[in-house]
Amino acid sequence: LKKGSSDSLMIQGRRIATGVAQFRVSVTRSSGSAKYAIAAGAATIRVENAPLALVMDVNDQPDYVARLGDTLAYTVSYTMDGMKAPRGGLVITADLLSPLFDIRTVVPRDGGTFGSGTGGVPRVSWRVTEPDLEGGSVGFTVKVKGDYGIRRLGDRNFILKVHAEATVGATRGSFDYETKLMGQTDIASRGYFRDAASGIVNKGVIPPTVGNRTEYTVHWKIINYATDVRGVVVRALVPHGVAFTSAVKSNVNSTPVYDAVSREVVWRLDRIAATTGLIGTPPEAIFQVSSVPDIDMKGKSAPLMGVTGLIAIDDFTGAAIHSSAPEVTTVLPDDLTAAGQGIVQ
């Protein structure tokens, strides 16, 4: 403020519990260790139960975390504290405000209808002609789309929002309900014999033969979608007859490590940002294994790496993310130069 001028400062607070509450606020200026009062104010308010109130939940859980492809069963509950039986009945609407709702799958319950609200927003509506004055509920189901529709770096931390309103004559109640959408982290596991692009040269012959050693490279690649994740752990068992060599590399600051006791290859990453791999380069690790097929494998493909599992913590929802990739064998479908040469001779 300039000398001699004045202005006002509005401070807002929120109280949920009913009863009388007093808000006090003061503004001070500090100069060294001293503080000088500039202005102070107080307000006393009385919070009472709304005569017409709404609450919502999804799948009978107040804090449900949704996933792609989920079917969500919404329940809209109302109370009519101290109200008389309305002549025109009770009108309830629920507007679906997220583009990730698959509106083709909306199914109203309890006599509801599906249509459009203000601005073409998808809306489920009910007219309860004889509402229970002690409260009641209506509901609908809708599916979440199977894809986030990520196009840019800012497409992250998606929320499914529903705005509900109830009207009795001139009395109106409303409620906004938000459901967090869980992220997704995919792991791919692929094997190669000819892999010059990786900088690792594999020796041996294909098709593989009983008693002879052939080297292969395994690529692990991670794609992360809509949320930041932390504590990422990728692991897979090394089958008997297969050895982990010292050739290993990655494009991030951690590389896979082999545990000779558990026969597991483990790759740990501290954090992966949302949209990594969809936009930008995905984290990738490459390591070499060698295989010596035994006589029992003759006429079949030989295993090179067991099923790869990934686990991570979703920063947005706090939930654990799991994904997996199938085992890698000498069939090597991703190595076009080795097609049809995976059967042990």
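Strands in these legends are DSSP runs of E covering at least two residues, numbered from the N terminus. The model shown is predicted.

**Figure 1. Asn157, a residue other than glycine with positive phi.** Asn157 sits in the loop that runs between strand 9 (136-144) and strand 10 (159-168). Its phi is near 50°. The relative accessible area of Asn157 is 34%, so the residue counts as partly exposed.

**Figure 2. Asp60, in the loop between strand 3 and strand 4.** Asp60 is not a glycine, yet its phi is positive, near 60°. Asp60 is classed as exposed because its relative accessibility is 69%.

**Figure 3. The cis peptide bond between Ile206 and Pro207.** Omega for this bond is about 0°. Pro207 belongs to the loop between strand 12 and strand 13.

**Figure 4. Asn212 and its contacts.** Asn212 is in the loop between strand 12 and strand 13 (214-224). Apart from neighbours within four places in sequence, its contacts are Ser291, Val292 and Pro293. With a relative accessibility of 39%, Asn212 is partly exposed. Asn212 and Leu160 are 52 residues apart along the chain, and 56 Å separates their C-alpha atoms.

Figure 5. Val25 lies in strand 1 (residues 19-31). Its relative accessibility is 34%, so Val25 is partly exposed.

**Figure 6. The largest pocket and its lining.** The volume of the largest pocket is about 290 Å³. Its lining consists of 14 residues, and those nearest the centre are Asp7, Ser8, Leu9, Val27 and Ala39. Strand 1 and strand 2 (34-47) are the elements that each give two or more residues to this lining. Strand 2 supplies the largest share, four residues.

**Figure 7. The salt bridge between Arg123 and Asp95.** Ten salt bridges are found in the whole structure. In the Arg123–Asp95 pair, the closest N and O atoms are 2.6 Å apart. Arg123 is in strand 8 (residues 122-128) and Asp95 is in strand 5 (residues 90-96), so the bridge ties together parts 28 residues apart in sequence. Arg123 is partly exposed, at 21% relative accessible area. Asp95, at 9%, is buried. The two residues receive these labels because the limit for buried is under 20%.

**Figure 8. The salt bridge between Arg104 and Asp102.** The closest N and O atoms of this pair are 3.0 Å apart. Arg104 is exposed, with 74% relative accessible area, whereas Asp102 is buried, with 12%.

**Figure 9. The salt bridge between Asp334 and Arg190.** Here the closest N and O atoms are 3.5 Å apart. This pair links distant parts of the chain, 144 residues apart: Asp334 is in the segment after strand 22 (328-329), and Arg190 is in strand 12 (residues 185-192). Asp334 is partly exposed at 34% relative accessible area, and Arg190 is partly exposed at 31%.

**Figure 10. The salt-bridge network of Arg230, Arg271 and Asp315.** Salt bridges with shared partners join these three residues into one network. Arg271 is in strand 17 (residues 264-272). Its relative accessible area is 51%, so Arg271 counts as exposed; the label applies because the limit is over 50%. Excluding residues up to four places away in sequence, Arg271 touches Asp228 and Val229 as well as Arg230 and Asp315. The C-alpha atoms of Arg271 and Gly117 are 42 Å apart, and the two residues are 154 residues apart in sequence.

Note on methods
Residues numbered from 1 in each chain as written. Predicted model: local features only at pLDDT ≥ 70, side-chain atom pairs only at ≥ 80, totals over all residues. Heavy atoms only, no water. Buried < 20%, exposed > 50% of the residue type's maximum accessible area, 1.4 Å probe, protein only. Contact = heavy atoms within 4.5 Å. 1 Å grid on protein atoms, 1.4 Å probe; cavity = no way out; pocket = protein on both sides within 12 Å on 5 of 7 lines; lining within 4 Å. Points joined across faces, edges and corners; volume = space filled by probe spheres on them. Salt bridge = Lys/Arg side-chain N within 4 Å of Asp/Glu carboxyl O.
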